[in-house]
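These are my notebook entries on what I looked up, written in the order in which I went through it.

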Amino acid sequence: MIAVADLEIAFAEFDNRYAHDLIKTSLRDNGGVVIRSAIAPQRCAFYRDLITKTHKILEDKCAEEGFPVDRDDCAATSGNGWGEVAYHLSIGQLPPGMFENVNTGFSIFDLISSFRFYRVMQNFFDGEFKISPSAHTRRVSPHSVDQGKSWQEPVIWHFDAQYHRPQHFSLNFWVPLDDCGIDAPGLQIIKGDHLKTQRFVQFDPDTGTFDTDRLKSINENVFEYFDRDQLFAPELRVGDIFVIHNWTLHQSLFREGMTKPRQSCELRVMQNDWTFPE
């Protein structure tokens, strides 16, 4: 098991250049870094409340329009108006546009809108980056009765590039809005550099494609190919941020006995090139 200190930094240390170098080094070598006490808990609580209320407002509107929020019922209508909204809700997600349509003047990216976060992104990408359209909020529940009805089941092993713009190297600022990793599902990664994942799935940067059989192997049998000893599964508190990149192997941290649901935000920024920014 990786020593927690290898993948952690305190937000209070951000006033020196070493902190930014450490973030970039950890993302290059490990695939992630935890930034402790990065956001005021009160700010997280405010956005958690907004997200909860937004789900309720949209669920009521979907029901009114004849699209109940149930994944089994609304998957077939996922490309059609309120059916699309119902489908996103059924898997526990709010894309930025859905959130902003209900909460005029607010964005989920406001959570990381301070100058200090801008400096993190600028230093990592050497000044060239943009907001990814693949951001969203997520709600995960350990209870099967909730899953597919405005909450998602714990997510299996994957890497973001298989779903979101593989030809653009990106960061995911994973922001827990509930304490997680003990009583509620959190996030865990397999330590490693991006090249190992790219080579394993035989990524072709010219076409943005992968070997589909190898993708399936990661999703279903990851530890046949990657080292279980490289697992990093931190306990996260409200206010922490777990930063990973789009080639980091990760899944929900879920253990038997977890009883509480968890809400989080996945805030992605990206560059135009597919390679790690050196």
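**Entry 1, a buried arginine.** I worked with a predicted model, and I began with Arg268, which lies in strand β11, the run of residues 262-270. Is Arg268 buried or exposed? I found that Arg268 is buried, because its relative accessible area is 1%, and the limit for buried is under 20%. I then looked for what its side chain reaches, and found the backbone oxygen of Ser134 at 2.7 Å. Leaving aside neighbours within four places in sequence, I listed the residues in contact with Arg268, among them Phe109, Ile131, Ser132, Asp160, His164 and Asn172.

I searched the whole structure for disulfides and found 0.

Which residues are buried in helix α4, residues 82-90? I wrote down Gly83, Val85, Ala86, His88, Leu89 and Ser90. After α4 comes Gly92, and I noted that its phi is positive, near 75°.

I counted 21 aromatic pairs in the structure. In the pair of Phe159 and Phe210, the ring centres are 5.7 Å apart and the planes stand at 80°, so I recorded the pair as edge-to-face. Phe159 lies in the loop between β5 and β6, while Phe210 lies in the loop between α7 and α8, so this pair ties together parts that are 51 residues apart in sequence. Both Phe159 and Phe210 are buried.

I next took Phe232 and Phe242, an edge-to-face pair with 5.9 Å from centre to centre and 85° between the planes. Because Phe232 is in strand β8 and Phe242 is in strand β9, the pair ties together parts that are 10 residues apart in sequence. Phe232 counts as buried at 2% relative accessibility, and Phe242 is buried with a relative accessible area of 0%. I also found one aromatic cluster formed by Tyr118, Phe124, Phe125, Phe129, Phe169 and Phe276.

Finally, I looked at arginines beside rings: the charged end of Arg214 sits over the ring of Phe200, 4.9 Å from its centre, and the charged end of Arg228 sits over the ring of Phe223, 4.0 Å from its centre.

Terms used:
Residues are numbered from 1 along each chain as its sequence is written. This is a predicted model: local features need pLDDT of at least 70, side-chain atom pairs count only at pLDDT 80 or more; totals for chains, interfaces and linings use all residues. Side-chain values use heavy atoms; hydrogens and water are left out. A disulfide is a pair of cysteine sulfur atoms within 2.5 Å. Helices (H or I, at least four residues) and strands (E, at least two) are DSSP runs, numbered from the N terminus. Buried means under 20% relative accessible area, exposed over 50%, partly exposed in between (1.4 Å probe, protein chains only). A polar contact is a pair of N or O atoms within 3.5 Å; within protein, one must be able to donate a hydrogen and the other to accept it, and residues adjacent in sequence count only if both atoms are side-chain atoms. Contact means heavy atoms within 4.5 Å. Rings of Phe, Tyr and Trp (its six-membered ring) pair if their centres lie within 6.5 Å; planes under 30 degrees apart count as stacked, over 60 as edge-to-face and the rest as tilted. A charge sits over a ring if NZ of Lys or CZ of Arg is within 6 Å of the ring centre and within 35 degrees of the ring normal.
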